Amino acid sequence: ATDFSADIAAIRRLREARQALILAHNYQNDEIQDLADIVGDSLALSQAAAATAAPVIVFCGVHFMAESAAILSPDKTVLLPAETAGCPMAEMASADEVLRWRAKYPRAAVVAYVNSTAAVKAVSDYCCTSANAVKLVRRIPETELIFLPDQNLGRFVAEQVPEKTIHLWPGYCLTHHRVTAAELLRAKELHPDAPVLAHPECRSEVTALADFVGSTSQIIAYVREAAAAKFIIGTEMGIIHGLQQEHPGKTFYLLAPGLVCPNMKQTTVAKVRLALEQMAPAITVDPAVREPARRALDRMLAYV
Ligand code: CIZ
Ligand code: SF4
């Protein structure tokens with residue numbers, strides 16, 4: 001294993017000096033999760049960013065997550081150590097396209113998965129995460145909606161809430177969309193006593209065969225409650241690090257070797273150190289976008 005000790009000692013000193021809080025997404029590299037103050041999903045991390053007294057947030061994740069933290073905490077400095085770490089799915093919807101869909105379906109409310117740009121959130125009515133999408137869509141008063149950008153999460157929600165008319169945006173996550181039913185069946189054949197836990201960003205042919213479908217936080221909660229000793233994990237590999245630490249006696253198999261998000265893996269210990277040294281790259285959101293985007297995030301929190 002690589003020796004990160006010099007960089008980690010520097011990060012500890014800088015974290016203290018800058019009064020920084022280091023947040024890491026469940027999909028980050030193991031050593032980044034180990035040095036973070038909090039590891040979690042994008043919503044929990046954004047809420048931790050909003051709740052902390054720390055003036056500086058180091059967001060080890062991808063761009064839309066740091067943007068959400070900046071929307072909820074405009075007075076804090078939000079650093080994204082991996083400047084080029086984006087989410088290709090978030091780039092599959094633009095504000096202009098959303099406005100065209102709105103014109104086509106004038107009665108539909110727009111529900112934007114948090115994996116979207118701030119500009120798209122700003123022209124949406126509600127945000128949701130993979131953990132609360134079903135609950136939110138069920139509870140909001142509108143019966144017709146546009147769900148974006150993830151067609152797989154949108155289809156999963158539509159299956160759970162058949163009483164609503166949902167227009168599906170054609171976006172997808174390159175990492176989760178790649179997984180096939182054949183890979184799932186092979187993993188089950190190799191590990192017949194391990195339940196398959198899949199993320200709703202997987203194709204419906206995969207979620208249909210899974211024993212449980214949920215967000216990262218829901219998969220973590222499922223394992224905590226489950227009697228099984230082995231699990232097949234159908235989401236980005238980074239989640240296994242925390243699961244393995246929490247459950248040293250249990251075994252976790254990755255459903256398919258392709259479950260790696262290259263953008264999430266861009267964050268390195270050296271980049272975290274550099275971000276704290278240089279107080280850059282800092283993510284800011286223009287107030288004209290920030291305020292309507294915040295409204296969509298707040299409307300999510302009002303319903304779930
Ligand atoms: O909302 C998140 O953090 C993402 C991208 C996935 C999940 O299931 O937690
Ligand atoms: Fe985006 Fe997929 Fe990577 Fe998540 S795993 S950041 S949805 S590309």
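**Exercise 1.** In this predicted model, find the residues in contact with Cys173, leaving aside neighbours within four places in sequence.

*Solution.* Finally, count its surroundings. Cys173 has 26 C-beta neighbours inside 10 Å, and therefore counts as buried, the cut-off being 20 or more.

**Exercise 2.** Locate Cys87 and decide whether Cys87 is buried or exposed.

*Solution.* Cys87 sits in the loop that runs between strand 4 (77-79) and helix 5 (95-104). Its contacts, not counting residues up to four places away in sequence, are Val62, His63, Phe64, Asn115 and Asn263. Inside 10 Å there are 24 C-beta neighbours, so Cys87 is classed as buried.

**Exercise 3.** State which residues UniProt lists under "binding site" and how they are arranged in space.

*Solution.* The unreviewed UniProt entry lists Cys87, Cys173 and Cys261. These residues are spread over 175 residues of sequence, yet they cluster in space, with a largest C-alpha distance of 9.2 Å.

**Exercise 4.** Describe the packing of helix 12 (residues 216-225) against helix 13 (residues 239-246).

*Solution.* Start with the geometry: the angle is about 25 degrees and the axes lie 11 Å apart. Because angles under 35 degrees count as roughly parallel, helix 12 is roughly parallel to helix 13. The crossing is right-handed. Then list the contacts: Thr216, Ile219, Ile220 and Val223 of helix 12 meet Ile239, Gly242 and Leu243 of helix 13. By class, this contact has five nonpolar, two polar and no charged residues.

Note on methods. Residues are numbered from 1 along each chain as its sequence is written. Chains are lettered from A and ligands numbered from 1 in the order in which they are written. This is a predicted model: local features need pLDDT of at least 70, side-chain atom pairs count only at pLDDT 80 or more; totals for chains, interfaces and linings use all residues. UniProt positions are given in the numbering used here, feature names are shortened, and annotations may be inferred rather than shown by experiment. Helices (H or I, at least four residues) and strands (E, at least two) are DSSP runs, numbered from the N terminus. A residue is buried if 20 or more other C-beta atoms lie within 10 Å of its own, exposed if 12 or fewer, and partly exposed in between; C-beta atoms are placed from the backbone. Two residues are in contact if their C-beta atoms, placed from the backbone, lie within 7 Å. Axes are lines fitted to C-alpha atoms, for helices over the stretch in contact, and angles run from 0 to 180 degrees between N-to-C directions. Angles under 35 degrees count as roughly parallel, over 145 as roughly antiparallel, 65 to 115 as roughly perpendicular and the rest as oblique. A crossing is left-handed if the near helix is turned anticlockwise from the far one by less than a right angle, and right-handed if clockwise. Ala, Val, Leu, Ile, Met, Phe, Trp, Tyr, Cys and Pro count as nonpolar, Asp, Glu, Lys and Arg as charged, and the others, Gly among them, as polar.
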